[in-house]
Number of protein chains: 2
Amino acid sequence: MALIVHKYGGTSMGSTERIRSVAQRVAKWVHAGHQMVVVPSAMSGETNRLLGLAKELMPNATTPEAMRELDAIAATGEQVSVGLLALALQAQGVSAVSYGGWQVPLETDSAFTKARITRIDDRRVRADLAAGRVVIITGFQGIDAEGNVTTLGRGGSDTSAVAVAAALKAAECLIYTDVDGVYTTDPRIVPEARRLSTISFEEMLEMASLGSKVLQIRSVEFAGKYRVPTRVLSSFTPHDIPIDEEAVSGTLITFEEDEKMEQAVVAGIAFNRDEAKISVIGVPDRPGIAYALLGPVAEANIDVDVIIQNVSHDGRTDFSFTVHRNDYARTMELLKAKILPAVGAADVRGDARICKVSIVGIGMKSHVGVAARMFQTLSSEGINIQMITTSEIKTSVVLDEKYMELAVRALHKAFGLEEPKAAG
Amino acid sequence: MALIVHKYGGTSMGSTERIRSVAQRVAKWVHAGHQMVVVPSAMSGETNRLLGLAKELMPNATTPEAMRELDAIAATGEQVSVGLLALALQAQGVSAVSYGGWQVPLETDSAFTKARITRIDDRRVRADLAAGRVVIITGFQGIDAEGNVTTLGRGGSDTSAVAVAAALKAAECLIYTDVDGVYTTDPRIVPEARRLSTISFEEMLEMASLGSKVLQIRSVEFAGKYRVPTRVLSSFTPHDIPIDEEAVSGTLITFEEDEKMEQAVVAGIAFNRDEAKISVIGVPDRPGIAYALLGPVAEANIDVDVIIQNVSHDGRTDFSFTVHRNDYARTMELLKAKILPAVGAADVRGDARICKVSIVGIGMKSHVGVAARMFQTLSSEGINIQMITTSEIKTSVVLDEKYMELAVRALHKAFGLEEPKAAG
């Protein structure tokens, strides 16, 4: 018998029929002797419907008092789904109880619409589990020190589930999602892409942040911080497959360095074509110049991803960065109208037709020449590299977007990702 | 400046457009210098939608654990509407904050789906009012001693509003509804029916329980117990009518005996054709016979209204009562199959084609001959009276249903209800 946390997304909770099927899957785990905690999202479409009503009354809810109301409104979506799932389990003869985040309580700070979890009180949940009940807890939300409802932001239910699993020291947190695990790369681009049976926490973090949108990145950070064994698996497999089979499906995020010994140097190829590249040419090379350029960009709420500044010549340097493609025009305008005149740069050039391709692998820490192999592979395909950044476990390049598929396929092959890994 | 509570029903909250109009009305009261607390219902149709989803998963939710979930699910309807109303007020530049019943907290017992309010903590609300905020509190719901969400049953928002007004010692509780007050009788039956500018609490109680479905009866009991000046008024008048005009519209429920001195003996004529009459003939007249007859009926969850037992002859008596027409067939079956054989009665006769007509008036306490005038009026119209019951402030008769309109019109005229009352 183990304490297990299940997380189900909005699609899995999308109708009473689907909720019934989730209940059947949970019941299977109960009947196998496990103590179960379930964290479901709102029924698909519900959060958007609720926020749409709010938007009709206040198109721009930016004050703390308005964001407090947005959170209270949005949180009701999960409050409905936990109640419905509890009823579905009870209808199948399984004792179950639902809690809103405030009832657990799952405590957060007061950053409405993007709150962070500060503490989870496990006493009430433990008492229910001891009494043989399935405990169903709202995802996405908590309560702040003043007793206000807060939400954790989009995708926050993943984070809730992992946080609850951490607080309860659960044996495993299973995230049921619409993919059946984490792949070496996107199978739509590389049909030979292979599902990883395990991935290290650090690799998962890079894969998630680079656009493999399997798990919300904060949930991966949480899993890493508290070393919560977390499994991503498919919610589309029939609920009545044998539990032994289900329990080892998907991809398990691990924290044991040892397990990685036998694994490949590169775990996967991530990519992303949502970015645009901007270069500021001939920037005077003096202290504070990076802040002078990017401070106003950040103030305009524009996220910057890759940032590169190379060595300078003759007291001037070139400064490049990438932003989301949707922010490209706005950023260019901001630079031309306000920033460049103040900084005294020669010119600004931009390109929205780029992509970013990364190799990710914890093995890169200890293996030299991995980046070199990446550059060689791209070179032999005739692909020009526009920008390069590296970290301990990933190397990213910015390329013309027309080369994206070619680059991903070539790298996937070059690092032997089609081959099964060593067993383990 | 006064502390005022407004209550708005589901129709008033039925769309974002209507919520905006409620906000404009509340803002008018704020700008007139009042401290405002608002208790809205869920958007119309929402509670039914939520309970419909629950029913799909559990057609008969009768266990405490299932009813707990029903309450948690149903309560979200009001949680959405309070948040939306807060945003609508803020969008009009009025500071506002919403609370769920659990946040106030509004404490109840644990009778899920029909909980009763035990205590309201006014500290949080008072602090907000002192800070110049409109406080918006969910109707229909509270929290029990174990921290579970409870609901007060259908129409419970009226009760919430009056209870909140009592706890805050509000100057007045205004219930905005789809009628513009309490009438001497139903204007659809008697076009000359007149709106009462005031009605005593006791009369309101009888009018409500006899089918003038203006306010939930529990809210009237609450208003009486805590002497909360409560006004029923129309939510259909434009929100921008002068506040002085709005403040005296509708019907005010009063508690001052003195005010009644000048008023008519009879305040109104109530009626109801939802009942059926059942007579058990030739019942042995011995102790315990009423319980032997009605105990099993109550156990079958059938509500009994009028009960009449007349003096006996030769050791046998006739015993009559009324039930809701929907329960008529079931009650007759129960009597024939189980109760009569056990009791040893001669026969049972029933009639579903009846109506009940009542005259209601606190003045009846001190005026003799009121009932006699009622009987005389019906007699002169040739209407046969089948049953009679009386209390201090009402006299009810059961008639053939075909006479209902005739009886109501004749009584309305006989007691001079078309005439304006003495001023006051």
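Select strand E9 (residues 172-177) of chain A together with strand E11 (residues 230-234) of chain A: these two pair in the parallel sense over 5 bridges. Strands are DSSP runs of at least two residues, numbered from the N terminus, and helices are H or I runs of at least four; two strands pair if DSSP finds at least two bridges between them. Within this pair, Ile175(A) stands opposite Val232(A) of E11(A).

This is a predicted model, in which local features need pLDDT of at least 70 and side-chain atom pairs count only at pLDDT 80 or more, while totals for chains, interfaces and linings use all residues. Residues are numbered from 1 along each chain as its sequence is written, and chains are lettered from A in the order in which they are written.

Because 5 of its 6 residues are buried, E9(A) is largely enclosed by the rest of the structure. A residue is buried if 20 or more other C-beta atoms, placed from the backbone, lie within 10 Å of its own.

Now colour chain A by domain: domain 1 covers 3-255 and domain 2 covers 258-424, with bounds from an automatic or database assignment. Their centres, taken over C-alpha atoms, are 32 Å apart. Each domain gives 20 residues to the contact, where contact requires C-beta atoms, placed from the backbone, within 7 Å. On the domain 1 side, select helix H7 (201-209) and strand E10 (198-200), which each supply at least two residues; H7(A) gives the largest share, 4 residues.

How values were computed. Two residues are in contact if their C-beta atoms, placed from the backbone, lie within 7 Å. A residue is buried if 20 or more other C-beta atoms lie within 10 Å of its own, exposed if 12 or fewer, and partly exposed in between; C-beta atoms are placed from the backbone.
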